[in-house]
Amino acid sequence: MISQKLNDQITRIGPGSEAGAVHRRYWQPAALTDEMTPGMSKLPVNLLGERLVLLRGADGTLTLTARVASPDEAPTHHPAEADLHPIAGAPVYPVVEKNGIYFAYLGEGAPPAFPNFDCFRAPDSHVFAFKGLWECNWLQALEIGIDPGHASFLHRFLQDEDPADSYGKQFRDKAADTNMPITQVLREYPRPDIEVEETDFGLKITSLRHMDGGLTHVRVTNQIFPSAICIPMSREMIITQWHVPVDDENCYWVTMFTSFDKPVNKALMREQRLQEHSLPDYAPLKNKSNDYHYNPEEQKTETYTGMGLDINVHDQWAVEGMGAIQDRTREHLGRGDAAIVRYRLLLRKAIKAVGAGQFDRLPMQDQPGTASLIGPLSNDAIADSDDWQAASWKYDMTRRAACPWDASV
Amino acid sequence: MTVATQDASPPTTWIQIAQSSDLDGPRPVVPVSAMGQALVLFRDEEGELGLIGRHCPHRGADLCFGRHENNGLRCPFHGWHFDRNGKCTEQPAEPADSTMYQTIKLPSYPVSEQDGAIFAWFGEGAAPALTAAPATA
């Protein structure tokens, strides 16, 4: 449990807020490049409580600035291009395109360097980007991503799919070199030991599921400060996902799927996800207003939630059901929430540093160091219990050595 | 069902919160808003009613979508299980030696059923016997 004052401090991100000032020291995914089709020169962007417009100049230069907006606009209001009017004299924010995403920097001073993470250094052919709206505060959306225990319950499938049908989906692949689908590992071993280490970029989170026969399932995931995670999706792909605040009570997950093997089948990945979302605001078709298509019969026999096979919907239900901003004065964190506790300490430390003007104390704000940050390693492996550390490392090195682009670390 | 919001003085009568028929389906679990609180009403496998807090005390997930099993409700987020008195009986994601569940309890209210209607006691002290024609809020 935390105080209401602390909950406000770590969740609210509008202009002038303390957590908002931390976010504004980092590049933020502002839009997908898919959203700005070739003929367009203006795209609405609602980010960090600001009403903005992405502008593409005649020479192709991209900038982000404030737009004329009515105070009662819906949080994800998406005006037609003809109705977008930049405000003259408003701050102009720099924009950089990276593998399907326009990143913007809304802070003061020079923007930080981009780390050389896999999602940024892989060629465009090996990265697919998409996003979706969750109607809740960004922090509860991030916290589910740094909670390795929930996958054993929230995403439990009472029967396993054939891993051959798993392309582009989370948890459906086989674990490393075994014939066990990840879904089975998660179901049968629901009490992971969780180790959390602070890194240059945020946190490394290792969850260990000790299995029968002297084996351990090792899942390595990461928190990338302030709002992203980097996690394995399959043997072929990892997910780097930001939880980008629209305002205090809405956020987008913006994901870069990065392949270490074949070029990403973007048409298939896009089609799978467009079937679940409506444009232009990328709102999920299953949502609070239709009870996420909850089916009690399915909950009894097929899935833990009764909300279908798409794990994104499970996560969305979990975080939206907490309310627009989770009331953390009533929470009871356990040992399974170790990474959440650690992350909040990082965020509070960052808030303090920004308040004192000590920006170089924030993760990834030292220019020369940040650009040389590589990885982070994200993978699932099953190994002999006395050798899990080496096995996890070796598994990733094998994948990276065979990668058609330079994924060496 | 939504009934009176909380005012200064606690009620001195049982308050109707639902119809028995609301729980007729194969999954007898319904949301209830009463006295300014978000609650969930369910019938357990012994046929007894439970009226407990709607949000899981762990991280706030919505127990109206809970799994109706093991004579109670189980949160789909991390499997925490609650009985009709709001007592947490299991935390299957926590380490096996954890006894944290013994300290976790959701708010819960006495519930009684009469003539096809379900009533809850939000008053002070022990609930009196449910007599004919209590107040409908």
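Biologist: Which residues does Ala120(B) touch, leaving aside those up to four places away in sequence?

Modeller: Ala120(B) touches Trp14(B), Ile15(B), Ile17(B), Ala34(B), Leu51(B), Tyr109(B), Pro110(B) and Val111(B). They count as contacts because the test is C-beta atoms, placed from the backbone, that lie within 7 Å. The model is predicted: local features need pLDDT of at least 70, side-chain atom pairs count only at pLDDT 80 or more, and totals for chains, interfaces and linings use all residues. Residues are numbered from 1 along each chain as its sequence is written, while chains are lettered from A and ligands numbered from 1 in the order in which they are written.

Biologist: What makes a set of residues a nonpolar core, and which residues have the most contacts inside the largest one?

Modeller: The set must consist of buried Ala, Val, Leu, Ile, Met, Phe, Trp, Tyr and Cys residues joined through C-beta atoms within 7 Å. Buried means that 20 or more other C-beta atoms lie within 10 Å of the residue's own; 12 or fewer means exposed, and partly exposed is in between. The largest core has 122 residues, and the most contacts inside it belong to Ala30(A), Leu54(A), Val40(B), Leu41(B), Leu51(B) and Ala120(B). Its largest share, seven residues, comes from helix 9 of chain A. Helices (H or I, at least four residues) and strands (E, at least two) are DSSP runs, numbered from the N terminus.

Biologist: Why is this core said to lie between domain 1 and domain 2 of chain A?

Modeller: Both domains give residues to the core, so it lies between them. The domain bounds come from an automatic or database domain assignment. A second, separate core of nine residues includes Leu215(A), Val218(A), Leu377(A) and Ile382(A).

Biologist: How do you know that the length of helix 9 of chain A agrees with its residue count?

Modeller: The expected span is 1.5 Å times one less than the number of residues. For the 18 residues of helix 9 (338-355) that gives 26 Å, and the end C-alpha atoms are 26 Å apart, so the two agree. Its buried residues are Ala338(A), Ala339(A), Ile340(A), Tyr343(A), Leu347(A), Ala350(A) and Val354(A). Among the elements that cover them are helix 1 (4-11), helix 4 (138-145) and strand 9 (202-210) of chain A. Gly357(A), with a positive phi near 70°, follows the helix.

Biologist: How many residues are in contact between chain A and chain B?

Modeller: 23 residues of chain B are in contact with 25 residues of chain A. The chain B side has 12 nonpolar, six polar and five charged residues.

Biologist: Why is Leu285(A) called exposed?

Modeller: Leu285(A) has 12 C-beta neighbours inside 10 Å, so it meets the exposed limit. Leu285(A) sits in the loop between strand 15 (283-284) and helix 7 (296-301) of chain A. Beyond four places in sequence, Leu285(A) touches Glu276(A), His277(A) and Ser278(A).

Biologist: Why are Asn99(A) and Met35(B) put in the class partly exposed?

Modeller: Asn99(A) has 19 C-beta neighbours inside 10 Å, and therefore counts as partly exposed. Met35(B) also has 19 inside 10 Å, and therefore is partly exposed. Phi is positive in both, near 45° for Asn99(A) and near 55° for Met35(B). Asn99(A) lies in the loop between strand 5 (92-98) and strand 6 (101-104) of chain A.

Biologist: What is the omega of the peptide bond from Phe225(A) to Pro226(A)?

Modeller: Omega is near 0° there, and the bond is cis. Leu279(A) and Pro280(A) are also joined by a cis peptide bond, with omega about 10°.

Terms used: Contact = placed C-beta atoms within 7 Å. Nonpolar A, V, L, I, M, F, W, Y, C, P; charged D, E, K, R; others polar.
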